Amino acid sequence: MVPSIKDEILEIVATVIEKEVGDISLDAHLVQEVGADSMMALEILAALEKKYHIVIPEERLKEMTTVNKIIQMVETARKRG
Amino acid sequence: MSCQNMKNSQSFKDRIGIVSGGTRGIGRAIVKELAAAGAKVAFTYVKSDAEAKKLLQEIAAAGSEALSFKGDVRDYDTCRDFVEQVKAYFGGLDFLVNNAGITRDKAFMAMEKEDWKDVIDVNLTGCFNMARSCIVTFLKQKKGNIVNISSISGISGIARQVNYSASKAGIIGLTRALAQEVAPYNIRVNCIAPGFIETDMLTILKEELKDKFRRAVPLGRFGNPQDIAKAVLFLLSEQSNYITGQVIKIDGGLHTSN
């Protein structure tokens with residue numbers, strides 16, 4: 001089965017934050033609830049850009065607060081091509 | 001050309017970097033040495049279009065590629081715009097040399113707040129603006145190198161340079177703190193503290209004062225901009241891979257006689 005974009009992004013986030021996928025709920029605040037920091041957010045951004053061949057401007061880092069928001073951001077960026 | 005020379009001439013091949021304040025003095029020497037070593041260099045300048053054009057022509061004549069950008073490092077948005085243009089034009093970014101600097105030397109009692117602000121804004125805030133504009137690129141690629149040009153004025157302090165000494169001491173603090181913060185991302189940050197170097201900044205001094213300074217230098221001469229440029233290339237090269245957060249004094253031995 002091909003993994004969904006949701007599963008792929010969750011996997012990337014979990015790897016960077018060093019947590020289990022099952023421990024991260026899609027709407028949990030990554031900094032306040034999951035324990036991420038700004039450098040981890042940047043690593044997630046870099047990994048997403050590489051995997052999906054997209055460019056996410058640095059200014060959007062502060063919007064990457066939950067996995068759901070990251071998914072939306074990636075989907076928007078992919079549609080833009 | 002010997003093999004060694006050929007190797008040296010290609011040692012920065014395909015590496016892309018920025019030098020702030022590139023048309024005069026130490027900055028110009030850094031740009032030229034980097035270009036001669038094969039780097040693609042983008043430099044900023046504020047005033048002289050003619051000097052910038054001349055430098056671009058010299059580099060092109062020597063078979064290298066460079067880019068000039070007229071803009072003031074004290075403006076954050078200008079720096080960000082410049083860095084984005086460099087990345088788009090050359091297709092990447094490997095290093096930054098924060099060189100842009102000014103002096104407004106005066107007795108402290110005659111120093112106006114504008115003299116203070118101008119020097120801090122260009123020399124120290126300019127350093128922040130450029131480094132901040134480059135750092136996300138370096139962090140994402142887990143590779144980068146920053147060399148900041150400080151001064152012995154920032155280490156020892158020099159009378160009538162309270163503003164300049166403060167700005168250059170600030171650059172040393174910036175260097176050390178940033179070096180620690182970004183070292184895990186394979187980014188090195190170092191600093192060079194030149195002593196008395198033969199540039200426009202020195203030619204404005206009175207002859208008798210210059211003689212006094214010259215006599216104080218154990219090596220018996222003022223440095224030339226190439227003396228600094230060569231050290232910058234060393235810090236940007238793989239030869240210095242284990243050096244970060246350091247301040248290298250290049251002053252003809254001046255500090256040893258204090």
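Is B:Arg160 buried, exposed or partly exposed, and how many other C-beta atoms lie within 10 Å? Point 6 returns to B:Arg160 with the answer.

1. Basis of the note. This is a predicted model, in which local features need pLDDT of at least 70 and side-chain atom pairs count only at pLDDT 80 or more, while totals for chains, interfaces and linings use all residues. Residues are numbered from 1 along each chain as its sequence is written, and chains are lettered from A and ligands numbered from 1 in the order in which they are written.

2. Chain A as a whole. Chain A has three helices and zero strands, where helices are DSSP runs of H or I with at least four residues and strands are runs of E with at least two, numbered from the N terminus; read from that end, the elements follow the order α-α-α. The radius of gyration of chain A is 12 Å, close to the 12 Å that the globule rule gives for 81 residues, so chain A is as compact as a globular protein of that length. The radius is taken over C-alpha atoms, and the rule is 2.2 Å times the number of residues to the power 0.38. Along its principal axes the C-alpha trace of chain A spans about 35 × 30 × 20 Å. Buried residues make up 21% of the 81 residues in chain A, a residue being buried if 20 or more other C-beta atoms, placed from the backbone, lie within 10 Å of its own, exposed if 12 or fewer do, and partly exposed in between.

3. The helix pair in chain A. In chain A, the axes of helix H1 (residues 5–17) and helix H2 (residues 38–52) come within 9 Å and cross at roughly 140°, which makes H1(A) oblique to H2(A). Axes here are lines fitted to C-alpha atoms, for helices over the stretch in contact, with angles running from 0 to 180 degrees between N-to-C directions; angles under 35 degrees count as roughly parallel, over 145 as roughly antiparallel, 65 to 115 as roughly perpendicular and the rest as oblique. The crossing of H1(A) and H2(A) is right-handed, a term used if the near helix is turned clockwise from the far one by less than a right angle, with anticlockwise giving left-handed. On the H1(A) side A:Ile12, A:Val13, A:Val16 and A:Ile17 take part, and they meet A:Met40, A:Glu43, A:Ile44, A:Ala47 and A:Leu48 in H2(A); two residues are in contact if their C-beta atoms, placed from the backbone, lie within 7 Å.

4. Chain B as a whole. The secondary structure of chain B comes to 10 helices and seven strands. Its radius of gyration is 18 Å, close to the 18 Å that the globule rule gives for 258 residues, so chain B is as compact as a globular protein of that length. Of those 258 residues, 44% count as buried. Among contacts in chain B between residues at least 6 apart in sequence, 74% join residues at least 24 apart.

5. Helix H10 (residues 225–236) of chain B has 12 residues and reaches 17 Å from its first C-alpha to its last, close to the 16 Å expected at 1.5 Å a residue, the expected span being 1.5 Å times one less than the number of residues. Among the buried residues of H10(B) are B:Ala229, B:Val232 and B:Leu233, and the buried residues of this helix pack against helix H2 (25–36) and strands S4 (95–98), S5 (144–149), S6 (187–194) and S7 (247–250) of chain B. B:Glu33 is found in helix H2 of chain B and is partly exposed, with 19 other C-beta atoms within 10 Å. Not counting residues up to four places away in sequence, B:Glu33 touches B:Gln226, B:Ala229, B:Lys230 and B:Leu233. B:Glu33 and B:Ala229 are 196 residues apart in sequence and 6.6 Å apart in space, C-alpha to C-alpha.

6. Two loop residues with positive phi. Most residues other than glycine have a negative phi. B:Arg160, in the loop between helix H6 (153–156) and helix H7 (162–182) of chain B, has a positive phi of about 70° although it is not a glycine; in answer to the opening question, B:Arg160 is partly exposed, with 15 other C-beta atoms within 10 Å. B:Asn186, in the loop between H7 and S6 of chain B, has a positive phi of about 60° and is likewise not a glycine, and B:Asn186 is partly exposed, with 14 other C-beta atoms within 10 Å.
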